[in-house]
Amino acid sequence: MNINRDKQALVMVKKIAYLTIDDCPSEDMKRKVDFLFEKEIPAIWFCRGEFLEKRQEVTSYAIKRGFIMGNHSYNHPLFSRITFKECFRQIKVTDELVENAYLRAGVKRPAKLFRFPWGDKGGGFELKKGGFLPRQKNPDKIKSIQDFLRKQGYEQPSFENIRYDWFNKANLLKDADVWFTYDSMDWAILMEKPMYGIYGLREILKRMDEDAPEEGMGLNYADSNEIILLHDLTELTFMFRPIIEKLLEKGLRFQTPKFHGTG
Ligand SMILES: [Zn+2]
């Protein structure tokens with residue numbers, strides 16, 4: 001199906017989207033929080049420990065406005081390339097920083113949520129046109145990290161109605177970390193050589209109209225809800241609003257997943 005962007009209102013897809021934003025807090029996070037708050041869009045922000053140390057205020061500000069802070073490691077290493085001990089330290093140190101953000105905000109932490117940097121669960125990652133998939137290269141290490149996350153109280157939220165085969169075959173809802181069904185690929189413009197023909201916002205918005213549900217491009221596919229991935233990096237701030245606005249235009253409605261409340 002070819003979609004003419006001018007006629008987008010005609011192809012509105014009614015489905016739910018869960019918004020996740022990685023690599024925060026940036027210097028621009030407050031502006032993004034205000035924008036989402038005003039639009040009544042909930043989001044899970046996956047924070048890097050090193051950034052949390054630098055910018056404490058904004059996370060408490062976001063928590064008070066109902067946003068959820070997750071853990072995205074301390075300084076974004078590839079978990080397949082660091083020792084077990086270092087993996088655990090990355091999770092633990094950032095966990096305490098997130099905990100402190102909730103304490104400062106005076107809000108009870110609703111759940112403990114984790115996202116691996118680079119989508120590397122300990123066995124590396126695979127990069128396809130539609131985004132990241134974990135590699136299962138080192139099953140013992142992957143399992144130990146999952147066990148550690150569970151022991152720390154990390155959980156998989158109840159994302160409803162995710163119906164992609166590629167996603168469900170990889171068992172991504174069975175693990176203790178949070179994956180995504182739609183990678184906006186906003187990050188692709190930061191690469192030395194832009195990837196997959198993505199040079200800027202234009203290509204990123206165009207990609208949102210593609211119909212390839214089993215290749216990670218299913219925004220027009222009504223049968224599955226979405227876990228959307230964006231990044232909170234200052235170099236990408238200019239794309240934040242247009243991407244969200246386009247998701248709204250397409251008819252997606254944002255929601256918070258349910259938590260089991262072990263956090
Ligand atoms: Zn990241």
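The legends below describe close-up views of a predicted model.

The model is predicted: local features need pLDDT of at least 70, side-chain atom pairs count only at pLDDT 80 or more, and totals for chains, interfaces and linings use all residues. Residues are numbered from 1 along each chain as its sequence is written, and side-chain values use heavy atoms, with hydrogens and water left out.

**View 1**
Helices (H or I, at least four residues) and strands (E, at least two) are DSSP runs, numbered from the N terminus. Two strands pair if DSSP finds at least two bridges between them. E1 and E2 run parallel and are joined by 4 bridges. E2 also pairs with E3 in the parallel sense, over 4 bridges. Buried here means under 20% relative accessible area, exposed means over 50%, and partly exposed lies in between (1.4 Å probe, protein chains only).

**View 1. Cys24 and Cys47.**
Cys24 stands opposite Cys47 in E2. Are these cysteines buried or exposed? Cys24 counts as buried because its relative accessibility is 0%. Cys47 is likewise buried, at 0% relative accessibility. A disulfide is a covalent bond between the sulfur atoms of two cysteines. In this analysis a disulfide is a pair of cysteine sulfur atoms within 2.5 Å, and the count by this rule is 0. Cys24 is in no disulfide, and the cysteine sulfur nearest to that of Cys24 belongs to Cys47, 3.8 Å away.

**View 2. Helix H1 between E1 and E2.**
E1, helix H1 (residues 29-39) and E2 make a right-handed β-α-β unit. A crossover is right-handed if, with the strands pointing away from the viewer, the path from the first strand over the helix to the second runs clockwise. The buried residues of H1 include Met29, Lys32, Val33, Phe35 and Leu36. Seen down the axis of H1, the buried residues fall within an arc of 165 degrees, so they line one face of the helix. The arc is that of the directions from the helix axis to the C-beta atoms. An α-helix has 3.6 residues a turn, so residues three or four places apart point the same way. Arg31 and Glu38 are exposed on the other side of H1.

How many of the residues of strand E7 (residues 226-231) are buried? The strand is mostly covered, with 6 of its 6 residues buried. Glu226, Ile228 and Leu230 are buried on one side, and Ile227, Leu229 and His231 on the other. E1 runs parallel to E7 and is joined to E7 by 6 bridges. Ala17 has Glu226 as its bridge partner in E7. Strand E6 (residues 182-183) pairs with E7 in the parallel sense over 2 bridges, and Asp183 stands opposite Leu229 in E7. E6, helix H7 (residues 201-207) and E7 make a right-handed β-α-β unit.

**View 3. Tyr18 and Phe159.**
The structure holds 13 aromatic pairs. Rings of Phe, Tyr and Trp (its six-membered ring) pair if their centres lie within 6.5 Å; planes under 30 degrees apart count as stacked, over 60 as edge-to-face and the rest as tilted. The rings of Tyr18 and Phe159 have centres 5.0 Å apart and planes at 70 degrees, so this pair is edge-to-face. Tyr18 lies in strand E1 (residues 15-24) and Phe159 in the loop between helix H5 (139-151) and helix H6 (165-169), so the pair links distant parts of the chain, 141 residues apart. Tyr18 and Phe159 are both buried.

**View 4. The rings around Phe79 and Phe116.**
Phe79 and Phe116 form an edge-to-face pair, with ring centres 5.4 Å apart and planes at 85 degrees. Phe79 is in the loop between strand E3 (68-71) and helix H4 (84-105), and Phe116 is in the loop between H4 and strand E4 (125-128), 37 residues apart. Phe79 is buried, with a relative accessible area of 0%. Phe116 is buried as well, at 2%. Ring pairs link Phe79, Phe114, Phe116 and Tyr154 into a cluster.
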